[in-house]
Amino acid sequence: MKFKIKFITLAIISLFFSKLVSAETAPGFGSWDDVLKAADGGQVNVYMWGGSDAINGFVDDFYGVPLKEKYNITLNRVPLAGTVDAVNQVLSEKEAGVTGDNGNIDLIWINGENFWTLKQAQLLYGPFAAGLPNSKFVAWDNPAVNLDFGRPVDGMESPWSSAQFHFMYDSARNNYDDMPRSYAELSDWIAANPGRFTYIRPGKGGFVGTRFVKQIFFELSGGQEQWVGPFNQELYDKWAPKVWELLNSWEKDLWRSGETYPKDNAEMHSLFANGEVDLDFTQSPRGAGPTNTAGTTPPTSRAFAFYDNMIGDFNYWAIPYNAPNKAAALVYANLVLEPELQAAQVQPANGFCCGWGISTAKVTDAAGKAAINDAQNNLGDAAEDQNILAKALVSDIAAEYQDLIEADWEANVLLK
Amino acid sequence: MGGERLKIILSLTPPLLIIITLFFGGILYGLLQSLGYQPAIGKYDINFSAYYNVLFSERYARMFWTGLGLNLWVSFASTFLAAVFALFAALAIRKTFFAKTICNFIYSLNLPMPHLVVAVGMIFVFSQSGLLARFASQLGFINSPGEFPVLVRDKYGFGIILAYIWKEAAFFFIILMSVLQSLGENFEELAQSLGANKWQRFRYVILPLVMPNLFSASIIVFAFSFGAYEVPALLGVIYPQMLPVMAFEFFLNPDLNARSEGMALSIIIALIVMVLVIIYFWLTQAKIRKD
């Protein structure tokens, strides 16, 4: 306990410090040059979800090559079935007493619940994020960046890319102009199209569904601003009954009359692709593009967003406490923030489906700006208008709401 | 004599070591975690609160008890039906006839099939967007695929039961066939010559002869279906939810404290299976002795 308090104080102090002196380096290293020197000639073990050939290829081509050529670091990408596998490995290593530089994992592609698991168990190296030179491109003052699923990042992970909740429809079945633009309009749409809508159950593995419900709180209560900041039980209690009331009023017109709900993205996509429901969820700035390419949604699928309250978030790279090559991990985490590489990951032709990890406005050099503009203009017709998305963007809120919404949805909607 | 004993000990030690370390090691570790002992997050207290939460707390009790009900229903129904189907199939096929080899092959075909594949196959064929639903709507039996009865991801577990019957009937079938083949037809012919009719021959000759094997196979199938995860995960609904799926969701919870609940639930599942198997074993032994 004492250690924990000390640790938190230290984290807060160093965060403060890092805001004042941006040139602060990651723990264990005197300067960025020290990091580069220590990383030279080593290998970096990158553990990441490996289910997409496009993303795997992107990492190998766009990071593996410059790592080798510029920094003499060998990239060892280890594909995972799920990020939780890496989390469990670190946890097992901790239980087996593997400390120092004796672990196996240098980097984990991570966010949200998995990050919280590792941070809660104090299994992360850091704070390091502010010590990366390219941290200057990151919008650390934006709560969508410095909070991960509502929990403070505290420099224990550094962003890679971003995503924003919105919807997909099939242009072969429906028109863009007929799509609802708010939850109120969605209610009418559901009543007019019985059996054609469902949402992912809020719960473990279904955070997209939790997000869908969370956004109802924002709309019914008149905006997201009041939800930012520490958890507020009173505010929640005031609006929760109205949210359950709305969701229950939909029930008879939902897919399978709300008797059951899809539990994750994969189930939702297959219902949509099979024509059982007409709307689906996406997190990509390219809208339906990535799933159309992957074949999990019909090729005629397109994206649309509500005009307000669409939650956006970031995903990150974290370094375990026992990473064997922390210096190389830092170099990697810094490399992915290079403006040209950030533009490359948004560029549809390169296959990676995610959005910006940096704030493009902070990029000032001409080459970086040109690459960014080019990527922005190439998003394709399966994407929603980027201005609509930007206008609707709100950050996620305190993590306590997440668990509460999942538990209460179960009690008040599923089991009622 | 001493050499013989040493030989037995030497040949038994490696498998026993594996069983003891893996099985009891795993159970012990699970038990410790279920009692709240989690050094990774600095929890060293031993208590039963995880068990209490799973069984009685407002948050989980309803999920648990409905899940237990579904578990019992699915395991009993699928074990019983698979055994019955396999018994009739084996009786029909055991006599030599022209297509015997082919029938035998078809019946045994899905034995090496992984449960996961069978479950996915179920979705392809029986779901509301599956093959059958599309055929039925193409042929005009129903207006749209959505009118097809809900057989997969239904709250009564029909899809899960169907998948287990599909899969385990082959297992029963193989076992029954080998018993029936080794019996030959002498007993039946004898009974027939003594004036027993078809039903009497089945009830008083065949059934008692295959019963011991059928029962031990049932125990395996029951215990398996009670604790298996993949089929209910793919074919089940989110409520009621079978216990292994519920346990795994606890385990996936990012809050490490929830692992205790997941482990408690797993231990409960293991205990229930053990108790049921003991009761079942005891009953069938008594029955077989009586017969």
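Okay, let's start with one residue: A:N309 is buried, with 20 other C-beta atoms within 10 Å. Buried here means 20 or more other C-beta atoms within 10 Å of a residue's own, exposed means 12 or fewer, and partly exposed is in between, with C-beta atoms placed from the backbone. A:N309 sits in the loop between strand 9 (301-304) and strand 10 (310-318) of chain A. Helices (H or I, at least four residues) and strands (E, at least two) are DSSP runs, numbered from the N terminus. What is the phi of A:N309? Phi is positive, about 60°, although A:N309 is not a glycine.

Before I go on, some ground rules. This is a predicted model, where local features need pLDDT of at least 70 and side-chain atom pairs count only at pLDDT 80 or more, while totals for chains, interfaces and linings use all residues. Residues are numbered from 1 along each chain as its sequence is written, and chains are lettered from A and ligands numbered from 1 in the order in which they are written.

Most residues other than glycine have a negative phi, and most peptide bonds are trans. Over in chain B, B:R153 has a phi near 55°, again a positive value in a residue other than glycine. You'll find B:R153 in the loop between helix 6 (131-138) and helix 7 (158-183) of chain B. Is B:R153 buried or exposed? With 25 other C-beta atoms within 10 Å, B:R153 counts as buried.

Then the cis bonds. In chain A, the peptide bond from A:G126 to A:P127 is cis, with omega near 5°, and A:P127 is in the loop between helix 5 and helix 6 (143-146) of chain A. In chain B, B:Y239 and B:P240 are joined by a cis peptide bond with omega about -5°. B:P240 belongs to the loop between helix 10 (230-235) and helix 11 (243-252) of chain B.

Next, chain A in pieces. The domain assignment, and these bounds come from an automatic or database assignment, gives domain 1 (2-161 + 313-383) and domain 2 (164-312 + 392-414) of chain A. How far apart are the centres of these two domains of chain A? Taken over C-alpha atoms, 29 Å separate them. Where they meet, 18 residues of domain 1 of chain A are in contact with 22 residues of domain 2 of chain A; contact means C-beta atoms, placed from the backbone, within 7 Å. On the domain 1 side, helix 5 and helix 6 of chain A are the elements that give two or more residues. That side divides into twelve nonpolar, four polar and two charged residues. For those classes, Ala, Val, Leu, Ile, Met, Phe, Trp, Tyr, Cys and Pro count as nonpolar, Asp, Glu, Lys and Arg as charged, and the others, Gly among them, as polar.

What about the cores? A nonpolar core is a set of buried Ala, Val, Leu, Ile, Met, Phe, Trp, Tyr and Cys residues joined through C-beta atoms within 7 Å. The largest one has 69 residues, and those touching the most other members are A:L107, A:A318, A:A329, A:L330, A:V331 and A:Y332. Leaving out residues up to four places away in sequence, A:L330 touches A:A26, A:V35, A:F128 and A:L132. There's a second, separate core of 51 residues, which includes B:F64, B:F126, B:V210 and B:I267.

That brings us to chain B. How many helices and strands does chain B have? Twelve helices, zero strands. The C-alpha trace of chain B spans about 80 × 75 × 30 Å along its principal axes. Of its 291 residues, 31% count as buried. Among contacts in chain B between residues at least 6 apart in sequence, 67% join residues at least 24 apart.

B:K95 counts as exposed, because it has 9 C-beta neighbours inside 10 Å. B:K95 and B:V54 are 41 residues apart in sequence, and 52 Å apart in space, C-alpha to C-alpha.

So how do the chains meet? The contact takes 25 residues from chain A and 19 residues from chain B. On the chain A side, helix 4 (83-95), helix 5 (112-120) and helix 16 (399-414) each supply at least two residues. Helix 5 of chain A gives the most, with five residues. The chain A side divides into eight nonpolar, eight polar and nine charged residues.

Last, confidence. The mean pLDDT of chain B is 87, and 97% of its residues reach 70 or more; pLDDT is the predictor's confidence in each residue, from 0 to 100. For the complex, the predictor gives an ipTM of 0.73 and a pTM of 0.79.

Conventions:
Contact = placed C-beta atoms within 7 Å.
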